[in-house]
Structure formats: C-alpha cells, structure tokens
Number of protein chains: 2
Amino acid sequence: MKNNKDLPVEEHSGPLMADVARLAGVAISTVSRALANPGRVNEKTRAKIDAAAKHLGYTPNAMARGLRVGKSNVVMIVLPGSLYYGVSQVIPQVLQGINRSLSQNGYHLMIANLDRDETSERHILDLAFGGTVRGAIILSSDLPVDGGRSLKDSALPIVSLLFDMSHAALPSVVTNDRQSVREATSELIALGHKRFLYLAGPVGNYHDNERYLGVLEALAAAGLSEKAVVRSGGTLDYQHGFQIGVAAAAEFADLTQKPTAVIATSDDMAISFMSCVQRTGWKIPEDLSIVSFDGAPVCEYSSPPLSTIEQPVEEMGQLAVSLLMERIDAPERGAAARHVISSKLIRRESFGPARPSS
Amino acid sequence: MKNNKDLPVEEHSGPLMADVARLAGVAISTVSRALANPGRVNEKTRAKIDAAAKHLGYTPNAMARGLRVGKSNVVMIVLPGSLYYGVSQVIPQVLQGINRSLSQNGYHLMIANLDRDETSERHILDLAFGGTVRGAIILSSDLPVDGGRSLKDSALPIVSLLFDMSHAALPSVVTNDRQSVREATSELIALGHKRFLYLAGPVGNYHDNERYLGVLEALAAAGLSEKAVVRSGGTLDYQHGFQIGVAAAAEFADLTQKPTAVIATSDDMAISFMSCVQRTGWKIPEDLSIVSFDGAPVCEYSSPPLSTIEQPVEEMGQLAVSLLMERIDAPERGAAARHVISSKLIRRESFGPARPSS
DNA sequence: AGAGCTTTAGCAAACGATTGCCAAAAACCG
DNA sequence: CGGTTTTTGGCAATCGTTTGCTAAAGCTCT
C-alpha cells in the first residue's frame, strides 16, 4: 500500500475513536468501554467522553464493530415475488410495524427483495451468508435458494410472518384466516344465502387454502354441500388483484345459477368485481352480498362500503420482531411455535339478507 | 482474548476465503483477485477457485470487505414522516423501481425510517455517518438532523425523489405537477366549469404548492379570478388522505355557491370525498366533476372511475438510482440538476361538461 | 500511611477481507 | 534453450473497533 502521508488531508469518513480519546484525554479502550458499556467506567470520565464525541460529531463505524464482534445490527425482510400476494394494501403498515419495533431494539431494516427472480435470490443469500444481516423476517412460503446455498441451511434466526412455517421450524405469526372466513360465511348463511361464489387467490397459496377451507367448514357446519360454492379464478397471482375481480365478474355473468353471496380473498379483487357487476345492473347488497379479506382502508369508501376481514398487521409485525429478538438472544433452533392473532370482520353495507326469490 | 482452541468447534459463520484458497490449492490473495477482478487471473485457476467457492458455499464477508475498502454496498431510502404524503398508494411501486435498479448495480436497499421521530433521525444519521450506507435517496423536503449532526454535512451522495431539492445541491427527480394540474384544470374550464373546489394537502408541502399553483395558472390563463377556486383542507397531513376527503365533503355541503368541479391532490381524498357527496345525493360527473392526483390503480374501479394524474414512479425510481450511481462514481458536489418526468392525466368518467344550470 | 478497592492506560491480538510489493514459477516465443 | 511475458505465492500492512490482560493510578477507610 502506498504511503500517502504526503497528501494534504485524507478525505476520510469522519472522526475516529482515537480522535475522541485524544480530545477527552483518555485511552482509546476507555472510550470504547464508555460507549458500549457505560456501567464499567466512571461517570465523570464517561461524561467527558460523551462530550468529546458529541463535539466531534463522532459516529462509530458500524462495519468495523460488526466485523469485530461478528454480528450486525441489521435485520432483513424477505418478501414474496409478487408484492401484492394478498395483503397488497397493507405492505406499508407491515413495514411500519416491523421497522418501529426494530428501531426500538437498535436494529435497522433492510429490504432483501421485492422481486423474486434469480438475481434477488442470490442477493438474499449474500445478505444472509455474508454476515450483513443478523436475522430475517420472511413473508413467503418458500425459502430462497441459489446455487448450492439455501436460507434453510443458514444459522440465521428467522421468523415467518403471515405464513405458517412452523412445520419448517420457523416461529410463525399468522392470523386465523380460516376461522374468520368460516365465521363470515356462517353469517352469510344465517342471512339466508345458499349459493356462493368464491374469488380465489393463486392455487396452492397458503392463504387461499386456509380461506377456502373456512368456507367449506362453514358449509359443512350448516349441512350444505360443497357444491354450494363456485370457485373462481386461482390462475392469476395475487399481484393481479384487480384483474382477478374483472375476470371473475365475466365468469359470474356466465353462470346460469347465480350465487347470492361472494367471498373474495382480497380487497382488490372484491373492489373491481363490484365495479364490474354493478355496471351490468346488479345491485349490492340487494342482489348480491360481498365480503372480502385484508382490511384495506379504501374499503370504507367504496360503493357500497365493503365488508372486509381486517388483519392487525402492525401488531403482527411487532410480534414477529419480538420473536426474532428472542431467537437472536437465545438461538435455540427447534421450538417453533405458531402465534395466531385474530383478524376480525368489519361489517359494512356490502352484505345483507339473501333475496327471497333465490 | 482467551485462547479457545480447546473448544470442540467454533460456531463460526461459514467458510473463509482461506478455506477456499486451501481447497483450490492457491494462495489467498489469488482467491481475492479472482473473485474481485476476474480479468487479472488465469482462466483455469479462476475456474478452479470458483468451483471451490461454490462447493464450500462460500460467501465473502461484506463487513470485512466494506471495512477494508471503506465503502459499503448499501443505499438507504429516507422517507417523510407520514408514509402517505401524497403518493400513499404508490410507495410499493417506488420501492420496487428503486430496488430493482439497485440490485442491477450490486447494491442493497435499506429502509432508513418510516416514522420521523427523534429516534428515527438518529438512526438515519448513524447509518450515514457510521459508514453503513454508500448513498441515500430521500423522499422528503427536510434533511434529517440530530444533535450536532446533519445529513447535509455528510459527504454521502444523495439524490432527492419526488421533491425538488436542487436548490440544496441535490439532484432531484420530480414530475411536472404544476403543469399537469394546469392542463387538467384548463380542460375542466374548456368544459364550461367556472367554480372549483381544491382539496389541499398539508400547507407548505412542496406538492401542494405546485399543484395549487397549477390551478391558479390555469385560471389566470382563462381570465378567471383566483376567487373561482375554494381551497379546502390544508390542516391535515397527507397521511390522513381519506379523512381529508370526508372533511372536505362536509365543507362542500356548507358552501352556498357550489363549485362544479373538484381538483383533489391525492386519490385517497378524492375517493372518500366522492363517496361522501354521493351519499348526500350528488351525481358524479353530472353535478360535479372530479380529477385527482397519484394514479393509484384502484381509481379505475371506483364509482365512477376516477380521473387521475399518474406519475411514472417506477421510472422515476430508476432514474434516481442512476443519478445516485453517477454521484457515487464521481462525487462532484455542485451541479445538481432537476430532472422532470412527465405525469399524465388519465381520463375516466369522473369528469364531464359543467351543468348548464350553474 | 498502608491496605483494599475501583478505575484507567497501554498493549496487542483479533475480526476477514484487500492490496501493494517482490520474488518465484510457469508459460510462451523465436 | 535463453529471454520475455504472464501468472502466482507469500508477506505484511491496513480498515476501525472490541476486548483480555497487566500494571499503574486514584480513591476510600481505618
């Protein structure tokens, strides 16, 4: 390395710990201890050091510390490929809940990905194995894989949010999708509805499974056949939320026996569905009742206001973080509990009694 | 440091560069060169090294590299306090555009903040001054400050997105808000509208300023007085988008001279406003025309479908990233251009000719 | 004042990679 | 085969912090 002492001044980052030590008139190791472990140093010198640090605008170099102690203060969040995946409208709230909790614990939030292509997978694993992140919160049912590496094999503390991955030894924070949908369906049945249209999410998706099962359970409990529900869609990803609703409306128009109630698995599809069928003369809720899922704020202002099952995503994010903190502090793989937070139906004008005629 | 050679095996992270070197039968420095600068090493040995690295699942430690070379591969995004700030619906798209471009350039995306309290400010500055991030994209008109430190003073390459901060020497990527609103307003005037209601964002907000000026310019160009427009709201933050619309609808109900056209500065407020005034018997667009701003996908499915001015946020994000990359490569403070990307009005059923009666 | 205590200085070895340097080895060429 | 070029090996310093250690210093208390 070329000795560049001859240069006028090095365009370095900022003041170093050594600078603080010099200014405070103490040893560099004392500065380190004062900053990291305030208890182990005399109050007076600690104050002196603090003052010096503040005066210089000193900020410890995170990479140097991270390298030394072998851990970082960053947590990454892994998203599913399609941003919308069923909670489109609530992503910002999820992030907010997570970020707030992380901040309180002194961590930073890194977005590992938004797409889920090969490049992204590699990036995610680089973050995990390159020591950049200390933990991960994953909102997806499949763990990233690239080349020989897999997130599953990393020693990284991970918790799953919105998807139940307790079977894969990941602590999971989920809502009681199935039960909520069952209750909503039962409520529709009690209102006299006997034929249903179910607007599906992508086939095989965890949330679609759960929610559809909820419908079936309610039918069974009421002594109705599975034939009482028509499944629509399932070929499109949640990403195309609005398109699903449009397609479903076309499908609805072709049905000879019209259902009297619709259960949608996301607000987006419910909104576009309503818009389309209303345009063809159907009245909601007089002709057709609708209930959907997500709890997007906009539902309150659709016409008619849309009943939706709201997930307390912010609370869920916070819980996910605190579980992650536990795993970081006590990295016991194994005991992966499934934490259920109740979602709840918000009743609005989009549903009512079934028409006597049908 | 205690010598712990007696411990069975160290729960280290993973394989080191030294392990790769050993397996490939080459020197550690050769491995480093092969990985970082593939050109400077024989193709055959490079292949051997690659194979060894892949076999071990080797991932270079980002913090060690970062410490050594004095730079990281992380870019942070600084958000305004309220998540919604006028582009609520499009935050995910913005992030997506930014993240995709960053990935292509080998960078990772860190969310510096979602709130904007004191803790967040400190975190942001820690990231900036602690060497964690290599650059920043800021979506806010005020730069973080904490204690003695200010983002302004950091040597960090920064670009501003959505807000024009070229006056503060930050390259900025913005839309032509004012012009778009002016054109939309002119279009309404051409349709015979003479009295307007303007649904304002927070007073003093850059976007609110620009958009309101657009309205005024259109009025002036048509020879109309400024009195032709009633300003509503301005006390609530964009965060409360829907509430602004609700409040504005109440205000609208009290007006003795009803406007025939409404210009809203965000889709959220337009949607809730429509919902409320429709409930009191007003017909849109027969009685009242509405145009809003943001280009949220949901507008296509409101009733009636809402005309809105769409901002190409993904494209803007990409441009912001490429500007940032330039700044990183050639850190010339100064020449801070303002890059304008055109937004455009999407015409839907929410507006039409003014009623002759008024 | 000396014993017993807490606090600090100073030293040095990490953490895991990058990089300049020079010599050794290998490959290439006529 | 000698000479030239390309490629490697080894060494050592470096990035900025943490941390264990020992010894020195400061303090309190009898």
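Predicted model: local features only at pLDDT ≥ 70, side-chain atom pairs only at ≥ 80, totals over all residues.
Local features need pLDDT of at least 70 and side-chain atom pairs count only at pLDDT 80 or more, whereas totals for chains, interfaces and linings use all residues. Residues are numbered from 1 along each chain as its sequence is written, chains are lettered from A and ligands numbered from 1 in the order in which they are written, and side-chain values use heavy atoms, with hydrogens and water left out.

**DNA strand C**

DNA strand C is surrounded by 26 residues, a residue being near if one of its heavy atoms lies within 4 Å of the strand; the closest are T30(A), V41(A), T45(A), R65(B) and R68(B). The table gives distances from N or O atoms of chain A to a phosphate oxygen of DNA strand C.

| Residue | Atom | Distance |
|---|---|---|
| T30(A) | side-chain N or O | 2.2 Å |
| N42(A) | backbone N or O | 2.7 Å |
| T45(A) | polar side-chain atom | 2.3 Å |

**Chains A and B**

In chain A, 53 residues are in contact (heavy atoms within 4.5 Å) with 53 residues of chain B. There are two salt bridges between the chains, defined by a side-chain nitrogen of Lys or Arg within 4 Å of a carboxyl oxygen of Asp or Glu; in one of them, R100(A) and D115(B) have their closest N and O atoms 2.8 Å apart.

Terms used
Polar contact = N/O pair within 3.5 Å; in protein donor to acceptor, adjacent residues only side chain to side chain.
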